[in-house]
Amino acid sequence: LDTEDISSLLNAHMCGNAGYHYYCQSFFSGHAMLAFYSFMSLAGYVYHKELKWSKLFYSIFISVPSWIAYTRILDNQHHPSDVAVGAGVGSAFALFTFLLVKCEHNLNRHEIKQNID
């Protein structure tokens, strides 16, 4: 192996270069999905509890997963589209979970009210 072969081999393992390694072609970003799911779920909890400092919490709950997603792009681990889809899927699952829990909470409250009456 000469230095040119080693250089091309190393370039094949970096997402930022033309020769993409198969790890870099993953779709979508699991880190972004998990970060947005976790922090959007916390935002739903804060929304439900109507906490005093909710606006501060909302800004934190948006900033942290956005930073995590941005670092995935900076580290050449994912393309921006991978991160955007991961963020969207994570947020959608968080919204679905929030609505499901809210619906279940309302059903349980309705059943308790019927049992009391």
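The legends below describe close-up views of a predicted model. Residues are numbered from 1 along each chain as its sequence is written, and side-chain values use heavy atoms, with hydrogens and water left out. Because the model is predicted, local features need pLDDT of at least 70 and side-chain atom pairs count only at pLDDT 80 or more, whereas totals for chains, interfaces and linings use all residues.

View A. Ser 54, Phe 61, Pro 65, Ala 69, Thr 71 and Arg 72 are buried (under 20% relative accessible area, 1.4 Å probe, protein chains only). These residues lie on the same side of helix 3 because they cover an arc of only 165 degrees around the axis, taken from the directions from the helix axis to the C-beta atoms. On the other side, Lys 55, Trp 67 and Leu 74 are exposed (over 50%).

**View B. The residue after helix 3.** Just after helix 3, Asn 76 takes a positive phi of about 60 degrees.

**View C. Contributions of helices to the lining of the largest pocket.** Helix 2 (30-49) and helix 4 (80-116) each supply at least two residues of this lining, and helix 4 gives the most, with six residues. Residues of the lining, which have an atom within 4 Å of a pocket point, include Tyr 37, His 48, Phe 98 and Lys 102.

Notes. Helix = DSSP H or I, 4+ residues; strand = E, 2+ residues; numbered from the N terminus. 1 Å grid on protein atoms, 1.4 Å probe; cavity = no way out; pocket = protein on both sides within 12 Å on 5 of 7 lines; lining within 4 Å.
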